Amino acid sequence: MEAKIRSLRDEIDALNLELLEKLSKRAELAEAIGELQTQTGSSHYDPVREQEMLDALTAANRGPFDDATVKSLFKQVFQASMHLEQEQDKKSYLTSRRSRSRDTIVEIGDLRVGSGEPPVLIAGPCAIESREQVEATAARLASRGVTLFRGGAFKPRTDPYSFQGLGVDGLRLGREAADAHGLKFVAEIMDARDLPAFEEHADVLQIGARNMHNFTLLRAIGRSRKPVLLKRGLAATIQEWVMAAEYLLHEGNPNVILCERGIRTYEPTTRNTLDVSAVALAKLETHLPVVVDVTHSGGRRDLLVPLTKAGLAVGADGIMVEVHPNPAVALSDQKQQLDFDDFDAYLEATGYAKKLSPERHEVYGF
Ligand code: PEP
Ligand code: MN
């Protein structure tokens with residue numbers, strides 16, 4: 001009896017190997033089809049084809065498994081092949097960790113942004129409003145150790161009658177103020193036709209949440225080599241956000257920093273909902289630096305400190321925050337910009353004061 005069982009088991013072992021060989025061969029064929037589908041942009045999942053295969057299998061089924069069992073066994077096989085094809089796709093994405101094992105460090109002059117570097121702080125007004133405003137803010141921020149100065153010259157406003165920004169004049173004012181205080185200048189570009197002016201005046205090109213889906217703009221900026229700060233769209237999935245970055249990399253610009261700025265949810269007490277899991281996931285799945293814009297996330301001054309801590313705790317490489325000499329009279333985002341004294345308190349409460357001082361170079365130690 002023992003010997004009989006052993007011999008039957010030997011037969012099963014041999015069949016297992018045969019099945020494995022056949023499954024591997026099948027997987028290779030599925031991979032080849034997957035590659036062709038990727039090239040033509042068609043979906044890996046074809047329900048009609050899957051149904052045809054199941055019909056053929058159940059028609060040929062001679063038992064002892066019933067049709068339902070045969071179907072469920074083969075569905076497992078189909079799913080495994082599909083998974084393989086999806087993994088293959090990820091390998092070919094330039095943003096994916098599968099295509100680049102090292103983290104991208106974006107260099108803005110001598111400043112480095114990314115994993116292993118101390119978290120950066122990008123600060124400045126929502127909009128550049130006047131020479132006095134931008135000069136006073138740049139002076140104050142530089143005196144506190146900030147190196148990345150932000151300010152919008154082209155503002156994407158919901159209401160067409162509200163302040164739209166000073167345009168190229170604003171870019172010039174931002175550049176002057178940044179230069180006067182040794183700062184790098186980050187500004188939002190809304191139209192590819194303005195690229196020459198931005199190449200001249202800005203150090204980092206910001207793509208705003210409302211333009212994250214503007215593929216023409218993404219392609220144009222992808223052909224520049226300027227560092228880009230790519231905001232996540234108001235209602236963009238993580239995949240859509242990463243694919244927007246893929247456009248930039250695909251066109252040849254590797255200097256991309258992702259920026260989570262809150263997404264629109266049903267919650268009315270905050271302007272947007274900061275998606276901390278998106279920050280963690282973007283760090284896990286891509287090799288790009290990720291920063292968190294705490295001002296637009298919550299839209300509330302009283303949330304800036306906790307949201308900064310949350311962002312850094314999940315692995316952000318930096319924080320963006322808006323600062324204005326007198327937020328009460330700001331031409332945009334009055335409610336959430338910090339005045340200079342509040343900014344000092346913010347630096348203390350978040351630990352950035354220590355990081356930005358010449359003696360200390362860490363925020364939280366992780
Ligand atoms: C901004 O940073 O000035 C801005 C308009 O942000 P967002 O695109 O995230 O709304
Ligand atoms: Mn703003």
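Let's begin with Asp-333, which sits in the loop between strand E10 (318-322) and H12. Keep in mind that what you're looking at is a predicted model.

What is the phi of Asp-333? The angle is positive, about 45°, although Asp-333 is not a glycine. To put that in context, most residues other than glycine have a negative phi. Is Asp-333 buried or exposed? The relative accessibility of Asp-333 is 16%, and the cut-off for buried is under 20%, so Asp-333 counts as buried.

The peptide bond leading from Gly-63 to Pro-64 is cis, and its omega is near 5°. For comparison, most peptide bonds are trans.

**His-296 and its neighbours**

Asp-333 also shows up among the contacts of His-296, a residue of helix H10 (residues 294-298). With a relative accessible area of 8%, His-296 is buried. Which residues does His-296 touch, once neighbours within four places in sequence are set aside? The list runs through Cys-126, Arg-150, Lys-231, Arg-261, Arg-271, Asn-272, Glu-322, Asp-333 and Gln-336. Take Gln-336 from that list: Gln-336 is 40 residues from His-296 along the chain, yet their C-alpha atoms are separated by 7.9 Å.

Now for some helix packing. Here are two pairs, with how close their axes come and the angle at which they cross.

| Helix pair | Axes come within | Crossing angle |
|---|---|---|
| H4 (residues 131-143) and H12 (residues 340-350) | 11 Å | roughly 25° |
| H2 (residues 47-60) and H3 (residues 67-92) | 10 Å | roughly 140° |

The crossing of H2 and H3 is at roughly 140°, which makes H2 oblique to H3. This crossing of H2 and H3 is right-handed. On the H2 side, the residues that meet H3 are Glu-50, Met-53, Leu-54, Leu-57 and Thr-58. Facing them from H3 are Asp-67, Val-70, Lys-71, Phe-74, Lys-75 and Phe-78. Sorted by class, this contact of H2 with H3 has 6 nonpolar, 1 polar and 4 charged residues.

How do H4 and H12 lie relative to each other? Their axes cross at roughly 25°, and angles under 35 degrees count as roughly parallel, so H4 and H12 are roughly parallel to each other. H4 passes H12 in a right-handed crossing. Ala-136, Thr-137, Arg-140 and Leu-141 are the H4 residues in this contact, and they meet Phe-340, Asp-341, Phe-343 and Asp-344 of H12. Those residues divide into 4 nonpolar, 1 polar and 3 charged.

**Stepping back**

So much for the details; now the whole protein. How many helices and strands are there? The protein has 13 helices and 10 strands. Its C-alpha atoms fill a box of roughly 95 × 45 × 40 Å along the principal axes. The radius of gyration is 27 Å, whereas a compact globule of 366 residues would come out near 21 Å. Of the 366 residues, 46% count as buried. Finally, if you take contacts between residues at least 6 apart in sequence, 67% of them join residues at least 24 apart.

Methods:
Residues are numbered from 1 along each chain as its sequence is written. Chains are lettered from A and ligands numbered from 1 in the order in which they are written. This is a predicted model: local features need pLDDT of at least 70, side-chain atom pairs count only at pLDDT 80 or more; totals for chains, interfaces and linings use all residues. Side-chain values use heavy atoms; hydrogens and water are left out. Axes are lines fitted to C-alpha atoms, for helices over the stretch in contact, and angles run from 0 to 180 degrees between N-to-C directions. Helices (H or I, at least four residues) and strands (E, at least two) are DSSP runs, numbered from the N terminus. Angles under 35 degrees count as roughly parallel, over 145 as roughly antiparallel, 65 to 115 as roughly perpendicular and the rest as oblique. A crossing is left-handed if the near helix is turned anticlockwise from the far one by less than a right angle, and right-handed if clockwise. Contact means heavy atoms within 4.5 Å. Ala, Val, Leu, Ile, Met, Phe, Trp, Tyr, Cys and Pro count as nonpolar, Asp, Glu, Lys and Arg as charged, and the others, Gly among them, as polar. The radius of gyration is taken over C-alpha atoms; the globule rule is 2.2 Å times the number of residues to the power 0.38. Buried means under 20% relative accessible area, exposed over 50%, partly exposed in between (1.4 Å probe, protein chains only).
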